[in-house]
Amino acid sequence: METTFSKISSKEAIALEDKYGAHNYHPLPVVLAKGEGVNVWDAEGKHYYDFLSAYSAVNQGHSHPKIVKALVDQASTLGLTSRAFHNNVLGEYEEYITSYFGFDKVLPMNTGAEAVETALKLCRKWAYEVKGLKENTAKIIVCENNFHGRTTTVISFSNDPVARKNFGPYTPGFIKIPYNDVDALAEALKEDNIAGFLVEPIQGEAGVYVPDAGYLEACQKLCKENNVLFIADEVQTGIARTGALLAVCGDCNCGTSCQKQSDTYVTPDILILGKAVSGGMYPVSAVLANNEIMNVIRPGEHGSTFGGNPTAAKVAMAALEVVKDEDLAANARTLGNLFRAEMEKIIAKSDLVSAVRGRGLLNAILINDTEDSSTAWDICMALRDNGLLAKPTHGNIIRFAPPLVMTKEQLMECVAIIDKTLSEFKK
Ligand SMILES: *Cc1c(COP(=O)(O)O)cnc(C)c1O
């Protein structure tokens with residue numbers, strides 16, 4: 001096709017990565033060279049619909065002009081100061097994001113894993129200095145099959161053998177309970193020295209597990225009764241992905257119009273955001289909490305050279321603005337319902353897919369084969385050939401998470417690609 005689209009071919013790009021890069025990923029063999037909205041193009045100029053959105057970082061679509069402008073303007077004015085000095089953008093951003101999500105304060109970081117680490121440190125410090133636990137005794141409850149990132153502490157409480165093996169010794173102080181099990185939480189809370197409960201409102205990496213209605217509310221209530229912090233990791237589920245501003249908002253229909261989440265919905269004590277906070281334009285993550293919790297952090301006790309830099313601050317404000325301006329939560333909700341209904345039609349006529357689940361535009365289909373089979377991977381390769389990019393998670397699950405700026409017409413075109421691919425697929 002267009003031979004001038006990229007300076008190097010897809011084949012050359014893959015060979016360079018293979019030779020000079022650490023092999024810590026196993027990407028689908030496609031080399032992307034350009035993105036715009038829901039569209040991406042490879043080095044040879046072939047077009048695809050992006051159905052992963054960089055793990056839900058690109059909710060606002062690739063290269064959104066408003067976010068690009070914010071990045072370019074600020075980067076060419078003042079890029080990074082470190083927190084050794086103030087900058088004239090950070091305060092404005094802090095006011096913006098705290099009122100956007102209804103918290104007193106924010107602690108700005110860069111990546112999701114860093115924000116999780118920050119939340120864990122904050123929770124432990126609160127437990128010693130406010131709750132009054134004896135130093136070095138605090139325990140934090142987490143869920144089985146969690147995904148919270150790749151740092152040493154975070155993988156310490158993972159139960160994915162691939163993520164853990166030979167990375168020990170592990171950080172102590174975590175208790176693992178089954179996900180979507182209120183009784184297990186109630187039982188774990190009977191132990192001494194519990195400081196917090198860390199949970200994904202929908203487990204994304206595990207394969208898009210949506211908990212039962214009322215689960216999060218019940219967990220929050222139990223945490224409150226036991227003076228334990230309820231910590232929501234919305235790095236993947238947040239920022240309109242699931243059809244509400246946050247997944248903890250559940251089926252609240254207000255889209256993104258509410259400032260402070262109302263009493264009827266779950267308000268975490270600590271909220272962790274990342275990925276789409278910047279529309280995928282720049283690494284921006286955030287930890288939000290009220291004063292009683294956040295004020296335990298004092299100068300020198302935690303930080304990051306890049307956290308809260310002016311470029312990040314401007315990019316995040318623009319990205320969050322886009323979510324409201326374009327009512328992305330409502331679009332995710334409408335298109336998500338449509339998508340699952342269309343997948344149900346495919347399931348009814350195909351034995352290749354056994355189920356669809358999800359909320360908003362965070363969905364997954366279950367491939368009717370064993371977890372160690374290559375069927376889901378092979379289907380993703382066939383989808384790629386037909387112009388749609390998705391990736392298997394945990395063997396036989398395929399996640400479908402397009403940018404939230406998708407139109408109904410585009411979604412139906414994608415449904416047609418999925419339908420065609422599955423009906424033609426031979427194992
Ligand atoms: C992606 C993700 C993280 C880690 O974010 P990074 O930016 O990759 O460090 C943490 N928690 C959840 C729920 C995620 O999906």
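In this predicted model, Cys143 is buried, with a relative accessible area of 2%, and Cys249 likewise counts as buried at 2% relative accessibility. The number of disulfides comes to 0. Cys143 accordingly takes part in no disulfide, and the nearest cysteine sulfur to it, that of Cys219, is 7.1 Å away, whereas a disulfide would require the two sulfur atoms to lie within 2.5 Å.

Asn146 is placed in the loop between strand 5 (139-143) and helix 6 (152-156). With a relative accessible area of 7%, Asn146 is buried, because the limit for a buried residue is set at under 20%. Leaving aside residues up to four places away in sequence, Asn146 is in contact with Phe157, Ser158, Asn159, Glu200 and Gln203.

The aromatic side chains form 8 pairs. In one of them, the ring centres of Tyr179 and Tyr215 are 5.6 Å apart and the ring planes stand at 65°, so that the pair is classed as edge-to-face, the cut-off for this class being over 60 degrees. Tyr179 belongs to the loop between strand 6 (174-177) and helix 8 (182-188), while Tyr215 belongs to helix 9 (residues 215-225), and the pair therefore ties together parts of the chain that are 36 residues apart in sequence. Tyr179 and Tyr215 are both buried. Elsewhere, ring pairs link Phe51, Phe339 and Phe400 into a cluster.

Helix 1 (residues 10-20) includes Ser10, and Leu16 is also found in helix 1. When residues up to four places away in sequence are not counted, Ser10 touches Val31, Ala43 and Glu44. Leu16, for its part, contributes to a nonpolar surface patch of about 330 Å², which is made together with Ile8 and Tyr20.

How values were computed: Residues are numbered from 1 along each chain as its sequence is written. This is a predicted model: local features need pLDDT of at least 70, side-chain atom pairs count only at pLDDT 80 or more; totals for chains, interfaces and linings use all residues. Side-chain values use heavy atoms; hydrogens and water are left out. Helices (H or I, at least four residues) and strands (E, at least two) are DSSP runs, numbered from the N terminus. Contact means heavy atoms within 4.5 Å. Buried means under 20% relative accessible area, exposed over 50%, partly exposed in between (1.4 Å probe, protein chains only). Patches are made of residues with over 30% relative accessible area and no salt bridge: like charges are joined within 9 Å, nonpolar side chains (Val, Leu, Ile, Met, Phe, Trp, Tyr) within 5 Å. Accessible areas come from the Shrake-Rupley method with a 1.4 Å probe; for residues, only the protein chains shown count as cover. A salt bridge is a side-chain nitrogen of Lys or Arg within 4 Å of a carboxyl oxygen of Asp or Glu. Rings of Phe, Tyr and Trp (its six-membered ring) pair if their centres lie within 6.5 Å; planes under 30 degrees apart count as stacked, over 60 as edge-to-face and the rest as tilted.
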